[in-house]
Amino acid sequence: MASDVVLELKGIEAGYGKAALVLRGLSVEVPRGTVVCLVGPNGAGKSTVLKVASGLLKPRAGSIVLNGKDMTGSGPQTLLRAGLSHVLQGHSVFPEMTVEENVMLGGYTSADRAALSERAGFVKEVFPVVAERWGAAAGLLSGGQQKQVEFARALMVSPDVVLLDEPSMGLDPKRTTTVFEQVARMRDAGVAVLLVEQNARRALEMADIGCVLDLGTVFATGPARELLADPKLSDLYLGGRPAA
Ligand SMILES: Nc1ncnc2c1ncn2[C@@H]1O[C@H](COP(=O)(O)OP(=O)(O)OP(=O)(O)O)[C@@H](O)[C@H]1O
């Protein structure tokens, strides 16, 4: 494996309980310093890919390689310590707690106060809203701002790769733009991102690499701009609508 690949899923087969397979031999690579965006129709298995990558769902076959090390079979805690942080779908800030308390929760695995304080300074630089509202109750922030608090929390463990499940969910177009700008900032700060988005066109405009999933496998992958320009593919990931 090339050393510039942070996360690699190879030949993954996975499903829930005794039900049929959801992922059928899926392979995805996340190169260092890039945003890789998974798109595809409802039920294609996008969120399931993230659950397998973060150790929440054990694959029945295939392997998970993080920073060149085979991590197949590891649980979420082990993967977190090895450099992979997962921001789950939906909102996970604690509204009565301050932004600071919410962000610092991300550093609970470390007892090194000096390192945590330095890291907090770094995430405040990446996410200006987090710095501005540091002492405010998180519940007073807008939905898009709360997403940035979740991103900041995920960066507290100094991950090499962050998994984001539908960060634009429930946000209006303006706030979606802001959230995608913050995803790009994470990437520019040196963190690779594997992202699932329903908002396919806008997410691919921001991403470096796109990956179109269908029926549990990768139907097409390549530079995000090339996928955007292919009308046959946009038919699939835009739910049957012809490309603009
Ligand atoms: N916890 C679960 N238990 C059982 N089946 C599940 C579970 N989560 C997802 N599935 C099934 O796995 C398949 C893929 O779901 P997944 O959420 O990965 O798709 P998706 O591409 O992210 O879809 P969407 O775009 O609708 O969010 C679906 O058929 C779904 O019903």
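**View 1. Strands β1 and β2 side by side.** Strand β1 (residues 5-15) is joined to β2 by eight bridges, and the two run antiparallel. Strands here are DSSP runs of E with at least two residues, helices are runs of H or I with at least four, and both are numbered from the N terminus. This is a predicted model, in which local features need pLDDT of at least 70 and side-chain atom pairs count only at pLDDT 80 or more, while totals for chains, interfaces and linings use all residues. Residues are numbered from 1 along each chain as its sequence is written.

**View 2. The open sheet.** Follow the order β2-β1-β4-β5 and you have walked across four strands with antiparallel pairing; strands pair if DSSP finds at least two bridges between them. At the edges sit β2 (21-31) and β5 (69-70), each pairing on one side only.

**View 3. The shell around the ligand.** Among the residues surrounding the ligand are Tyr16, Gly45, Lys46 and Gln198. Helix α1 (residues 46-53) gives the most to this shell, with three residues.

View 4. You will find Ala203 in helix α8 (residues 200-206). Ala203 is buried because 27 other C-beta atoms lie within 10 Å; buried takes 20 or more such atoms, with C-beta atoms placed from the backbone. Phe180 is 23 residues away from Ala203 in sequence, yet their C-alpha atoms are 7.1 Å apart.

Technical notes
Near = placed C-beta within 6 Å. Buried ≥ 20, exposed ≤ 12 C-beta atoms within 10 Å, placed from the backbone.
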